[in-house]
Amino acid sequence: MFKKTFGLFHRHGTMKKIYCKFKSTRDDVAALIEQYTEISIDHMTPEIKLRLITPNCHLWHSNEDDSPFLEPFWAFYWPGGQALTRYILDNGERFNGKTIIDIGSGCGATAIACKLVGARHVIANDIDSVAAESIKLNSELNDVNLFITTQNLIGQSTAKCDIILLGDMFYDEQFANIISDWLKKSLTKSSTVFIGDPGRHSFQIHPMQEQLKKLASYELPKSCKLQNNGLTSSSVWEMSL
C-alpha cells in the first residue's frame with residue numbers, strides 16, 4: 001500500500017511546500033488528481049463527497065516512486081479531520097454565520113462542512129498547492145465556495161476570525177509546540193479553537209491539554225481503522241480564553 005505519511009514538514013519553525021514531482025499547470029494537477037483518486041463517501045461524513053486514494057485506486061497498491069505526487073497527504077481523510085468534520089455537521093449552530101480558518105485543510109472536508117452548515121466565510125488553508133487544487137475540486141463536488149490559500153497562516157494574526165479549526169495537526173511534538181505558541185498569541189476572547197485528534201502521543205502529552213474541553217468522541221469506521229493501524233477512535237476538543 002502507498003506509504004501514507006502526513007505531508008507537512010517543518011524545519012526551524014517553518015514549513016516546506018510539497019508539490020507534484022514535475023512542473024505542471026493547475027489544469028494538469030487537477031487532471032492528475034482526478035486520474036489517481038476516486039470519489040468516496042466511505043467515511044464518517046458521507047454527506048460530503050471527496051476525491052481520495054482508496055483501495056480501489058492504483059496508488060493504494062503502489063509505492064511512492066509510482067506516484068506523480070510528493071506525499072499526497074491531501075488524498076487521505078485523516079481520523080482527526082473526520083471527527084472534527086462530523087462534529088461540525090452535527091452541531092451546525094456553533095458554526096453558522098461565523099468566519100472560520102481551517103489550518104492544514106488537506107482534502108478540504110472540514111472547511112466544506114462549515115459552508116454546508118451556513119458559515120459566513122471559510123478560509124481553507126494549506127501550504128501545498130496540490131492540496132489547494134484538491135480542495136477546489138472537492139468544494140465543487142459539494143457545491144460550496146471556499147476561499148483557498150497556500151499562504152502559511154500559522155504565526156499570522158487571526159483577529160478577524162471567530163473560529164480556528166485544527167484537524168489532525170498534532171502529529172509531531174515540535175510542530176505541536178509551534179501551533180500551541182501561535183494559539184497563545186492569536187487567540188482572543190471572542191475566538192474559539194476546535195481540534196480533532198485521534199489520540200496522537202504529541203497531543204496527549206502536550207501542556208495545552210489543561211486548556212482544552214473534550215466535546216465528543218467517535219469510533220472510527222472500519223475503513224479508517226484499516227488505514228490507521230492502532231487507532232480506533234477520534235475526539236473533538238475546544239480551546240477558548
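1. Helices α2 (residues 79-90) and α3 (residues 109-116) pack with their axes 9 Å apart and at an angle of about 0°. Axes here are lines fitted to C-alpha atoms, for helices over the stretch in contact, and angles run from 0 to 180 degrees between N-to-C directions. The pair is therefore roughly parallel, a label for angles under 35 degrees. Helices are DSSP runs (H or I, at least four residues) and strands likewise (E, at least two), numbered from the N terminus.

2. The model is predicted: local features need pLDDT of at least 70, side-chain atom pairs count only at pLDDT 80 or more, and totals for chains, interfaces and linings use all residues. Residues are numbered from 1 along each chain as its sequence is written, and side-chain values use heavy atoms, with hydrogens and water left out.

3. On the α2 side, G81, L84, T85, I88 and L89 meet A109, T110, A113, C114 and L116 of α3. The residues of this contact divide into seven nonpolar, three polar and no charged. Nonpolar covers Ala, Val, Leu, Ile, Met, Phe, Trp, Tyr, Cys and Pro; charged covers Asp, Glu, Lys and Arg; the others, Gly among them, are polar.

4. Helix α1 (residues 26-36) packs on helix α4 (residues 129-141) at about 70°, with the axes 10 Å apart. The two are therefore roughly perpendicular (65 to 115 degrees). Their crossing is right-handed, meaning that the near helix is turned clockwise from the far one by less than a right angle.

5. R26, V29, A30, I33 and E34 of α1 make the α1-α4 contact with V130, E133, S134, K136 and L137 of α4. By class this contact has five nonpolar, one polar and four charged residues.

6. G106 lies in the loop between β5 (99-103) and α3. G106 is buried, at 7% relative accessible area; buried means under 20%, with a 1.4 Å probe and protein chains only. Leaving aside neighbours within four places in sequence, G106 is in contact (heavy atoms within 4.5 Å) with F73, W74, D126, A131, S134 and I135.

7. Of the 241 residues, 58% are buried. Among contacts between residues at least 6 apart in sequence, 69% join residues at least 24 apart. The protein exposes about 11000 Å², of which carbon and sulfur atoms supply 47%, by the Shrake-Rupley method with a 1.4 Å probe.

Conventions: Angles under 35 degrees count as roughly parallel, over 145 as roughly antiparallel, 65 to 115 as roughly perpendicular and the rest as oblique. Buried means under 20% relative accessible area, exposed over 50%, partly exposed in between (1.4 Å probe, protein chains only).
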